Amino acid sequence: MAMQPWFPDAKFGIFIHWGIYAVDGVQESWSFFEGDVPHDQYMAQRHGFTARHYAPEDWADLFARAGARYAVLTSRHHDGVSLWDTAEGDLDVVRHTPAGRDLVGPYAAAMRERGIKVGLYYAHNDWNHPDYASTRYEGRPPEQENNPYAEVPKDEEDLAAWARYLAYRDGQVRELTTRFRPDLLWFDGEWERTEEQWRIKDLARLIRSEVPRCVLNARMLGEGDYATPEQGVPIEPPAGPWELCLTLNDSWGYRHHDHNYKSTGQLIRYFTETIGGGGNLLLSVGPKEDGTIPAEQVERLEGVGAWLARHAEAVYGTVRGLPAGHHYGPSTLSADRRTLYLTVFDIPRGPIGVRGLRTPVRRVTVLGTGTELGHQVIGGLHEVPGVLWLDRPATEDLDEYATVLAVELDGELDLYRGAGRF
C-alpha cells in the first residue's frame with residue numbers, strides 16, 4: 001500500500017505511554033520481565049490506577065498547542081493490561097482497576113475533534129497471557145533468552161497454545177480496528193518471534209480489511225510502511241518514510257524520580273534534525289495514573305509548539321533538505337522544491353555559507369520576522385558552483401532556539417554533488 005500522504009506531511013506526533021505502571025512510577029512491563037520488580041507487586045498497581053482526572057479533551061488541546069498532527073496511545077503494552085474493555089480475556093482497566101471504564105474511545109474522539117490523527121500502540125507480545133510463552137525464537141538477543149515470560153524450552157513447545165495466543169492477538173486487533181478506526185497502528189515486541197511465527201501477512205490483511213488506509217510502522221516487519229528508529233537521530237537517515245520516537249526525559253512512561261528532562265532548545269534541535277532528514281518526531285509523554293500530564297512535560301510541549309507556530313512554513317508539508325556538507329545545520333525544502341529553509345542554531349559570527357547550490361537565488365528572508373538578507377555567490381569554476389553567502393541576521397531577528405532562513409530559488413533546487421576537478 002502506498003504511504004498515506006498525511007503521515008510524511010505531519011512531522012510531529014505525541015507518543016502517550018499510559019498504564020498501571022504509572023502508579024508506582026516503574027518501568028512499563030520491563031520492570032517485572034527483567035526482575036527489577038516482583039510480578040505480584042507490579043500487577044498490584046492495578047488497584048491504584050484511577051484515571052480520575054483523565055480529560056482527553058485537555059490532552060488534545062495541549063497536543064494541538066504543541067503543533068502535533070497525530071498521537072499514539074499505548075492501548076496495550078507488553079504487560080497485557082488493555083486500556084479498553086476487551087472481550088479477549090479480561091485483563092483490562094475496565095474490570096480490574098478503579099478507572100472502571102474504556103479509556104481508548106474517549107481519546108480517539110477527542111483527538112479527532114481537534115483534527116489530530118489517531119494512532120494506537122499495540123504490543124505483539126503479552127507477557128501475562130497464559131498461552132504466550134508456549135514457543136520460542138532462536139534468534140532473540142542473548143540477554144533475553146530463556147525468560148519464562150517469553151518462551152519455553154525447545155522440548156516444551158506447544159503449538160496449539162501458540163495458535164490460541166495468535167487468535168487472542170488477532171481478536172484484540174480486530175476490536176481496535178472496528179471500534180476505534182485508527183489512522184495508524186504502532187506495533188512493538190516484534191523481536192520475540194519471526195515474521196512467520198507472528199503470521200504478519202495474515203494480521204496485515206485483517207487490519208486492512210477493516211481500515212484500508214491505516215498506516216503501519218516497521219515493527220509490522222515485512223508489512224510496515226515506515227522505519228522507526230528509537231531515541232537517537234540517525235546519522236544516515238533512512239531512505240524512505242521514517243519516524244524517530246524519543247522520550248522527554250529518560251523514561252517512556254511516568255516515573256516520579258526522573259527529572260532528567262531535555263530542554264526545549266534540545267528538543268527543537270532533535271526536531272529540526274529529524275525533519276531535515278525527512279522524518280517525523282514522535283515525542284513521548286507519560287501521564288500520571290490519574291490521567292494528568294506532568295507540568296514539566298506540558299511546559300516543554302508548549303515551548304516546542306510556540307517555536308513551531310513561528311516557523312510552520314518550514315515544517316509542515318516539507319520534504320528532506322540538503323545532504324550533509326552543504327550547510328552547517330539541518331534544512332527542509334518546500335514541496336515544490338523552490339524554497340529552501342535553513343536552520344541556524346547559534347549566533348552567526350559572519351556570513352552563512354551554502355555550498356553546491358546551482359539554482360540562482362531570488363530572495364532570502366528570516367522566517368518569523370520577514371527581514372530580508374543580502375546574499376551573493378563568490379567563486380566557482382566550470383561545473384562547480386561558487387559558495388552562496390548570506391548576510392548575518394541582526395540580533396533582533398535571531399530566534400531564542402533556532403533561527404530559520406527562507407531561501408527562495410529561481411527554479412527547482414539543483415545541487416552539485418561532484419568532487420571538482422582533479
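Helices (H or I, at least four residues) and strands (E, at least two) are DSSP runs, numbered from the N terminus. The model is predicted: local features need pLDDT of at least 70, side-chain atom pairs count only at pLDDT 80 or more, and totals for chains, interfaces and linings use all residues. Residues are numbered from 1 along each chain as its sequence is written, and side-chain values use heavy atoms, with hydrogens and water left out.

Arg337 sits in the loop between strand 9 (331-333) and strand 10 (339-344). Its phi is positive, about 65°, although Arg337 is not a glycine. With a relative accessible area of 34%, Arg337 is partly exposed (buried means under 20% relative accessible area, exposed over 50%, partly exposed in between; 1.4 Å probe, protein chains only).

Ser29 also has a positive phi, near 60°, and is a residue other than glycine. The loop that holds Ser29 runs between strand 1 (12-16) and helix 2 (30-33). Ser29 counts as buried because its relative accessibility is 0%.

An open sheet of 7 strands has the order 5-4-3-2-1-7-6, with parallel pairing; two strands pair if DSSP finds at least two bridges between them. Strand 5 (215-216) and strand 6 (242-247) are the edge strands, each pairing on one side only. Strand 1 and strand 7 (residues 279-285) run parallel and are joined by 5 bridges. Ile14 stands opposite Leu283 in strand 7. Helix 4 (residues 56-66) packs on the sheet, touching strand 1, strand 2 (70-76) and strand 7, where contact means heavy atoms within 4.5 Å.

Note on methods: Axes are lines fitted to C-alpha atoms, for helices over the stretch in contact, and angles run from 0 to 180 degrees between N-to-C directions.
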